[in-house]
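Subject: Structure for you to look at

Hello,

I am passing on a structure that you have not worked with before. Please open it first, then read the notes below it.

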Amino acid sequence: MLKFICRLPFLLLFLSAAAQSPPTTLRLAADRAGLLMGTAVRPSLFSETAYSETLAREFNMVEPEDAMKWWTVRQNQGAFDFREGDEVVRFAQAHGQKVRGHCLVWDHNNPPWLGGGHFTPEEMSDLLHEHITRVMKHYAGHVFAWDVVNEGLDENGHVKDSPWYNQPGIGFAGQGTEYVAQTFRWAHEADPKALLFYNDNGGEELNRKSDAIYAMLKDLKQRGVPIDGVGLQMHIFQLKIDPAAVAANIARLTALGLQVHITELDIELPLDNSQVHPEDMGRQAEIYRAVVRACVQNPGCTAIQTWGFTDKYSWIGSHSHGTQGAALPFDRLYKPKPAYDAMIKEITAVRSHP
Ligand code: XIL
């Protein structure tokens, strides 16, 4: 006992030094900062050791890249297929990670049987109501937040044509954001505990689109529509972003009483014969740092998520037909890139609770 008491000061000294030593992973930095640090995942890759080890070590949140979308869950009209989504939930449970759900209402990534004008607005309304209810109830208690509506506005801020709005829509064609309000109400009924998000791209800075997103969310809040947050996708093209404008946008959104999540961060680089220009790596790291800063300096910005984590598997390659790539914090061999260190440093500098 005496021996233990004598050693106590050394033990305390050791523990406090350990607490203050710089975090060695993104996940540790995020945990200390009270931040959710997530990434989009593909369950078919969990069997790749480097993939699952990096994922478990570096992130405290995951989101299915495609596994909870209509085209996966509803390949057939008559059945719900939760197998891939369930794999994501199981992985997250095994590694103490939160799951963000994506997405319930979108004009893309729907199964072919849904399009083609086969349904009346009444039938579309029943289909969507049933989908939201079944999916959210299946994942209740496992998925803490959902992107309920994804990309509902176009770049001018107008409500986008979609099977859910006006083609043929769920009964609110021509009534602006009314169909958005309806889907949030259904979502809240299905799982009252889940946080409900509107998620979009191109509205990260201050522009026509972000003004329209802001106006829509303000209106929905004022009308008592159950909505908790807004997702800023943050796919960054041509190494271009104005961090001050992002910070100002986050400030006005959080002032509405909404949480902000950065949901799909990636920063594509131009490829020359599949090669990155070496100086672009540093520029990419600086932008990752600036985006992280814009989020963590605002207590209402509670999560940062990258759209995948290794350049080996990223949607950017197919999206850009191979002209762009290397958009993520780990390279194709799972080696951390300068962007990785920049993020850890920034999270630790701005928001650390040792
Ligand atoms: C992308 C996935 O990464 C791809 O695997 C899939 O083929 C198409 O969708 N905005 C979104 C995401 O909200 O769902 C998209 O994900 C990327 C753009």
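A residue counts as near a molecule here if one of its heavy atoms lies within 4 Å of that molecule. The model is a predicted one.

The ligand comes first. It is surrounded by 14 residues, and the closest are Glu65, Asp66, Lys69, His102 and Glu264. Sorted by class, this shell holds 5 charged, 5 polar and 4 nonpolar residues. As for location, the ligand sits in the largest pocket.

- Glu65: an N or O atom of the side chain is 2.5 Å from an oxygen atom of the ligand.
- Asp66: the distance from a side-chain N or O atom to a ligand oxygen atom is 2.7 Å.
- Glu151: a polar side-chain atom lies 3.3 Å from a nitrogen atom of the ligand.

On its own, the ligand has 420 Å² of accessible area, and the protein covers 82% of that.

Next, the salt bridges. Side chains of opposite charge can pair when their charged atoms come close. With a cut-off of 4 Å between a side-chain nitrogen of Lys or Arg and a carboxyl oxygen of Asp or Glu, the count is 18 salt bridges. One of these pairs Glu63 with Arg100, with 2.8 Å between the closest N and O atoms. Glu63 belongs to strand S2 (residues 61–64) and Arg100 to strand S3 (residues 98–105), so this pair ties together parts that are 37 residues apart in sequence.

Regards

Methods
Residues are numbered from 1 along each chain as its sequence is written. This is a predicted model: local features need pLDDT of at least 70, side-chain atom pairs count only at pLDDT 80 or more; totals for chains, interfaces and linings use all residues. Side-chain values use heavy atoms; hydrogens and water are left out. A polar contact is a pair of N or O atoms within 3.5 Å; within protein, one must be able to donate a hydrogen and the other to accept it, and residues adjacent in sequence count only if both atoms are side-chain atoms. Accessible areas come from the Shrake-Rupley method with a 1.4 Å probe; for residues, only the protein chains shown count as cover. On a 1 Å grid over the protein atoms alone, a cavity is a set of points where a 1.4 Å probe fits but cannot get out, and a pocket is an open set with protein on both sides within 12 Å along at least five of seven lines; lining residues have an atom within 4 Å of a point. A molecule sits in a cavity or pocket if more than half of its atoms lie within 2 Å of its grid points. Ala, Val, Leu, Ile, Met, Phe, Trp, Tyr, Cys and Pro count as nonpolar, Asp, Glu, Lys and Arg as charged, and the others, Gly among them, as polar. Helices (H or I, at least four residues) and strands (E, at least two) are DSSP runs, numbered from the N terminus.
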